[in-house]
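Try each task before reading its solution.

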Amino acid sequence: MSSEINPNKALWEKGDFTRIAVTMRESGVALVADLGIGDGLRVLDLGSGDGTTAVPAAQLGAEVLGVDISSTLVAAGNARARSLGLGNLTFQEGDASDLRDLSDDTFDLVVSIFGAMFAPKPFDVAKEMVRVTRQGGRIVMGNWIPNDPTLVAQILKISSAYSPPPPEGFVSPMTWGVEGHVLERFDAAGVPKGRISFARDTYTFNAPKPPAAYVADFRDYYGPTMNAFAAAQQNGKEAELQQELEALFERQNKSAVKGTTSIPATFLRVTVTV
Ligand SMILES: C[S@@+](CC[C@H](N)C(=O)[O-])C[C@H]1O[C@@H](n2cnc3c(N)ncnc32)[C@H](O)[C@@H]1O
């Protein structure tokens, strides 16, 4: 990759997304359990982070490659694979909009849960996902939905209200949560709409701490929220942003156990047969 700063990469190497990922593990396991994964299936997890879905896929016997733009998350994923003794799981650096290191028709299943949606150039992302999937293989994406009332869409919406406007030509990652855009992108990649299905699904964020402490994790470790706090600080609005997020997390917390947080969030699940 070139030595120029890539803002997409910088965003996800900022902070430490593993601190949020640990609160997403149960839903990662549940999602993967539903995908018919068995011994020897060749799986690509795109925007894999430190392996919330890649690890359980490998534990079910698949040959899994995790690809992520963040070198720190790739290292964290490989450390998890080693410590779990998973010789069938490797992570490497790559960009979902240009998978130049991967050959055509390689994978039986491409999974991207809140991963590829964050890559720029969504039409290239769809083309690359289709290219590396074998004929008859599947692509499964999990995408946050714009303006959805649940957690992540609201975090991103609140954060953007405190952030400077995005550069011209920027395509919001949230557009991957709109069925019409998804159909258009895969159509351009050669997949007709009859081979694409949609479902609403839920991911639950479970943290062994109260909502306000969980907000602090987002403020301190989650790139998009860190950037929003940096921008808010410049306008003297840091406390306001903190309060808005704390109110959101408190409102959405469904945990019956005092001092803990459990927040379900709705996403669009996209299944594509190539
Ligand atoms: C919200 S995290 C989700 C990670 C993981 N899928 C999970 O469920 O825990 C988004 C991930 O997408 C990765 N990502 C962002 N842009 C990317 C790109 N252009 N190519 C590959 N990965 C990317 C980030 O580094 C990060 O790991």
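The exercises below concern a predicted model.

**Exercise 1.** Find what T23 touches, and which polar partners its side chain has.

*Solution.* Leave out residues up to four places away in sequence. T23 then touches T204, F205, N206, A207 and Y214. Now look for polar partners. The side chains of T23 and Y214 are joined by a polar contact of 2.6 Å. The T23 side chain also reaches the backbone oxygen of I20, at 2.5 Å.

**Exercise 2.** Describe the largest pocket: its volume, its lining and the helices that contribute.

*Solution.* Begin with the volume, which is about 1,300 Å³. Then turn to the lining, made of 40 residues. Nearest the pocket centre lie L11, P166, P167, F170 and P173. Sort the lining by class: 25 residues are nonpolar, eleven polar and four charged. Finally, check the helices. At least two lining residues come from each of α1 (7-13), α7 (151-162), α8 (179-188) and α10 (223-234).

Notes
Residues are numbered from 1 along each chain as its sequence is written. This is a predicted model: local features need pLDDT of at least 70, side-chain atom pairs count only at pLDDT 80 or more; totals for chains, interfaces and linings use all residues. Side-chain values use heavy atoms; hydrogens and water are left out. A polar contact is a pair of N or O atoms within 3.5 Å; within protein, one must be able to donate a hydrogen and the other to accept it, and residues adjacent in sequence count only if both atoms are side-chain atoms. Contact means heavy atoms within 4.5 Å. On a 1 Å grid over the protein atoms alone, a cavity is a set of points where a 1.4 Å probe fits but cannot get out, and a pocket is an open set with protein on both sides within 12 Å along at least five of seven lines; lining residues have an atom within 4 Å of a point. Grid points are joined across faces, edges and corners, and a volume is the space filled by probe spheres set on the points. Helices (H or I, at least four residues) and strands (E, at least two) are DSSP runs, numbered from the N terminus. Ala, Val, Leu, Ile, Met, Phe, Trp, Tyr, Cys and Pro count as nonpolar, Asp, Glu, Lys and Arg as charged, and the others, Gly among them, as polar.
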